[in-house]
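Here are some notes for a colleague who is opening this structure for the first time. Please read them beside the sequence and the model.

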Amino acid sequence: MTDSRPVNILIVGVGGQGTILAGKVLSQVAVLSGRDVKFSEIHGMAQRGGSVVTQVRVGERVWSPTIDPGTADFMLAFEQLEALRWSHMMRPDGVIVMSITTIDPMPVITGAAEYPLGIPDRLSESAHVITIDAADYALQAGNPKSANVALLGRVARMMPFSRDLWEQALSETIPARHLAVNRKAFELGWNAL
Amino acid sequence: MSSTKDDRILLSGNEAIARGAWEHGVRVATAYPGTPSTEILEAIAKYDGIYAQWSPNEKVALEVAIGASVVGGRAMASMKHVGVNVAADPLLTLAYTGVNAGLVLVSADDPGIHSSQNEQDNRFYGRFARIPVIEPSDSQECKDFMGAALHMSEDQDTVVILRSTTRISHSKSLVTVSSREERPLLPYSKDILKYVMVPGNALRRQPEVLSRHARIEAYVETSPLNRIEWGDRRIGVITAGIAYQYVKDAYPDVSVLKLGITYPLPVNLIREFAKGVETVVVIEELEPFLYENVLLTGVEAVHSGLPRVGELSAAKVQKALARLLGEEPEPVLTVPAKVPMRPPVMCPGCPHRSVFYVLQKMKLMVSGDIGCYTLGALPPLSALDIFMSMGASIGMALGMEKADPASASRTVAVIGDSTFLHSGVTGLMDMVYNKSRGTVIILDNGTVAMTGHQDHPATGVTAQGEETRITAIEDVAAGVGVRRITVLDPFDIKNLEKVLREELKAEEVSVIIARSPCVLTEPSDAEPLMVSADVCKGCKLCARIGCPAISWMDDHPVIDQSLCGGCSLCANLCPFDAISVDFPTVEE
């Protein structure tokens, strides 16, 4: 992160999966590192089970709060179909860290569309893809809702921030009563293959 | 909010607007919730030393802020772009009276229509009302420009519009914060010519408004909110708001005239800028508002070629500027994959779902309104026939009945609790007054759900968390003269259908209050349901309610145990009793 180009990170998922919290921790670690950061999300109607995307840009100087197609360095995908939906945002050497979770959208539930098959293979054609069972790590950590932080842990170790800084960002962002579970989930993600 | 070493904190544009209002001594802050403006009032309500309130609608919010300003307290009213239409009546006359203490109207516009019914560009209100419009480009400017707007309002004796957009309001960036500057009340003195807008006085105010406008035109020439950043002189970009960030991202070295005040424009500054560059181009989101006003200065700006609908991006701006510079734009090599859409849906366990299931089953014409229940328009429920603006459902249903009286027996208006109090009450009064036999369903989930669960006059809690008296919805309906009022549980679909059949036949106005709390504010402790694959015949009736907890595996539904709220709508519909909390195993 010494060059002038910001690092672009997309966090994608389904409304209600906890993408915003993951974005908050990520932004906070960037702030703590002394870098410029911008964070963009959409509230309102899309939050009700729709496709959601949070955009985080970190660098020496960040102008636009949003990321353009073909320029994302990292994607945290909380759900497979959402990873595919936003895959055109990735740069050719980008890294996608994806939970194996699948959630049928309404057109699939009603039979109007089919859930695409073989998503990890399709994504691998143009990006470096790491899949993890984030839901399982969350259960191991003690709360199924900590899957977001497990996923964050996996991508965290590829980013230029120290483990200590991540721990500080977690403790500054997550309410004290949920901190222990989320630190455990983060560690499981950090150590995942 | 958490601080860094140098006391800069990461704030959204909305949080920074609130911070700016607090630091600059605002006493009274008012709002009605609406994306993307909602978090401004939510953030300000948490500060000490400031009074913050939700009003029933945007018009009242602005009127409360006007009263505060006139008696000498700084005030702010915040709302989404379409909310300004509701507040436009006092706004356009407030432009005549001017203010006493600083008064800022925050308009949060929604380019790209992320969560709105239209994409209107509220900069036009500035020209319409002859009042200044200020546009910040990031969170630091949201805070600083709020201070500048309050100052300008007091100095120039005018309300000022601070215009944000979704990407400004909902993006976070670093902000240097300060402490609050307490400001004593300014003295109030009775001034009929200034504040009582009877025709004679309004006529006399007009020349004063025009001379004020001339003073503001001179003021903006030297305001630090407008600035030139000289760079590559082949092209000079005039820009404002979020578009400035895209310009800097795409071409950091071009010459830029960054406008912090987008109405009125600094004519001399624009001419000076134009003289210093070979070509002038205007880069702005939505309507060609700046472009047309720049042309009026005599500067021959070229058109950017950018569309007047939707959001801009750094890539779009890069392409437009590359074309003007005769350069190749950076190619985008990726294309979006063709994948199924994921539209928003009502939550599992949402009390609105059963109502829309019954309405579409009875094949009724439905006049809809604004809230989570607008999602009843989407497949598979597809229950709405029309949807327009806040509170419109009731008036539109009345119009349908007056044009086609027979339609009243198969038409309902559907409106939420907060939307009813916002502007549905007057529609209901119209029904009673004009002898309608219409049927109105009020979906009362006890909160403003879509915008993130704000309180309103029927919840009994204020914006700052104090208990207060409740405006009971059934009392309001009775008060405007409705005699047939039924309160029911929306999950009891047999009763709902029975009551609907009776009320649609009734010869006078009926109100049905379908009352059940939002599943997100009061999650049910009911057990999640399961499907017995042995009993299920695969009829797919349960797929027609649009519940995201139900998916299909082979020929049978599967209920996601982590999503199911246990509302039992699907179980009550199932003709084969194949859905239950648990099924006895063979051993039992």
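1. A crossing of two helices is left-handed if the near helix is turned anticlockwise from the far one by less than a right angle, and right-handed if clockwise. By that rule, α5(A) and α8(A) cross in the right-handed sense. Their axes, α5 covering residues 134-141 and α8 residues 176-190 of chain A, come within 8 Å and cross at roughly 135 degrees. The two are therefore oblique to each other (under 35 degrees is roughly parallel, over 145 roughly antiparallel, 65 to 115 roughly perpendicular, the rest oblique).

2. The model is predicted: local features need pLDDT of at least 70, side-chain atom pairs pLDDT 80 or more, while totals for chains, interfaces and linings use all residues. Residues are numbered from 1 along each chain as its sequence is written, chains are lettered from A and ligands numbered from 1 in the order written, and side-chain values use heavy atoms, without hydrogens or water.

3. Over all chains, 38 salt bridges are found (a side-chain nitrogen of Lys or Arg within 4 Å of a carboxyl oxygen of Asp or Glu). One of them joins B:Arg163 and B:Glu135 at 2.8 Å, N to O. B:Arg163 lies in strand β7 and B:Glu135 in the loop between β6 and α6 of chain B, so the pair ties together parts 28 residues apart in sequence. B:Arg163 is buried at 4% relative accessible area, and B:Glu135 is buried at 4% (buried is under 20%, exposed over 50%, partly exposed in between, with a 1.4 Å probe and protein chains only).

4. B:Glu135 and B:Arg163 also belong to a salt-bridge network with B:Asp109, B:Asp121, B:Arg123 and B:Glu284.

How values were computed: Axes are lines fitted to C-alpha atoms, for helices over the stretch in contact, and angles run from 0 to 180 degrees between N-to-C directions. Helices (H or I, at least four residues) and strands (E, at least two) are DSSP runs, numbered from the N terminus.
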